[in-house]
Amino acid sequence: MTSTAVNLVRREPRRIGDREVGPIGFGCWRLTTESTADAERLVRGALDLGCTLVDTADVYGLDWGGAGFGACEERLGQVLLHHPSLRDRMVLATKGGIVPGVPYDSSPGGITAACEASLRRLRTDHVDLYQVHRPDLFVHPADLAEALEALVQRGLTGAIGVSNHTPAQVAALQAHLDTPLVSVQPEYSVVQLAAMRDGTLDQAMALGLAVLAWSPLAGGRLASGDGVDPALLATLDRIAAANGVDRIAVAIAFVLAHPSAPVAIMGTQRLDRLAAAVAAVDVPLTRADVYAILQASEGRPLP
Ligand SMILES: NC(=O)c1ccc[n+]([C@@H]2O[C@H](COP(=O)([O-])OP(=O)(O)OC[C@H]3O[C@@H](n4cnc5c(N)ncnc54)[C@H](OP(=O)(O)O)[C@@H]3O)[C@@H](O)[C@H]2O)c1
């Protein structure tokens, strides 16, 4: 086989600090089920499929039919309360620091209180990963670092990470931490390649950070095609047809193909679609495929 025919899609388990997760994660932004039983069916089904990273945030529940701030954590917490064995099967990640109306507070007092409140809602004594949801531009990284280390030292979280931070913000925070950050969580998909171009994924590879890619299907727009460049859709459809799969599978495989080995955090609340996402790890993508997608996404040929 020539090197250009090699399959780039990375199927191996991913490491988040000292924990291992499957390449497809289960996102809880839209976990606004009618009942705890429905949520339990989803969470158990996701774990059975190998989607062992369960990603939530305190702010989830404000939209998607949720009852408000904290509602998705509360729903997941009810699942864990009634089915505690599920807790041991997941790498539970949450985030804090978004305060509606402010909009950010990652001050030491703010982030500490946010983590403590998340644990109460999640009905667990610790999460496995606590992430700063968005950068608070008015907190000194030394102060944030001290607060995050205290969360680890108190056993409230197994590890710490950030989301939506620039590489410079990650470096500034890490410079004040004795405990290494273990993860970044950027938006990353065939329609959102900024993390590949702005140094986020390069820094993750340099520091050994797990990359947790949010909205790998652009929030569903890759299924509907809404607002997506027709040339990109056509490229995805062409590669999909050649592999006997659909466009969604190719879009997921593209996320998994980056050498930083991202976890694709899926947002679907349907187990059939989550199973299809798990099957997408078997879609082979060559260099020609990923570069065709990249060039269609960016709308211009590479030099
Ligand atoms: N850190 C951050 O700032 C941030 C921001 C956003 C999201 N996130 C994380 O990323 C997770 C995923 O985000 P997302 O929900 O935007 O992800 P996504 O996987 O890009 O989009 C999920 C949406 O696509 C829809 N969809 C339509 N057709 C689908 C198909 N064939 N397969 C799968 N889904 C299909 C789903 O609807 P159905 O449910 O009906 O299938 C769902 O509404 C969130 O749950 C959260 O954990 C993090």
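Mentor: Start with the polar contact: a pair of N or O atoms within 3.5 Å; within protein, one must be able to donate a hydrogen and the other to accept it, and residues adjacent in sequence count only if both atoms are side-chain atoms. This is a predicted model, where local features need pLDDT of at least 70, side-chain atom pairs count only at pLDDT 80 or more, and totals for chains, interfaces and linings use all residues. Residues are numbered from 1 along each chain as its sequence is written, and side-chain values use heavy atoms, with hydrogens and water left out.

Trainee: Which distances do the side chains of Arg30 and Thr268 give?

Mentor: For Arg30, a polar side-chain atom lies 2.6 Å from an oxygen atom of the ligand. For Thr268, the corresponding distance is 2.5 Å. The protein buries 87% of the 910 Å² that the ligand exposes when taken alone (Shrake-Rupley method, 1.4 Å probe).

Trainee: Why is the link between Asp48 and Arg89 called a salt bridge?

Mentor: The term needs a side-chain nitrogen of Lys or Arg within 4 Å of a carboxyl oxygen of Asp or Glu. The closest N and O atoms of Asp48 and Arg89 are 2.7 Å apart, so the pair qualifies. Arg15 and Glu20 form another salt bridge, at 3.3 Å, N to O. The count by this rule is 13.

Trainee: Why is Arg15 called partly exposed?

Mentor: Buried means under 20% relative accessible area, exposed over 50%, and partly exposed in between (1.4 Å probe, protein chains only). Arg15 has 47%, so it is partly exposed. Glu20, at 48%, gets that label too.
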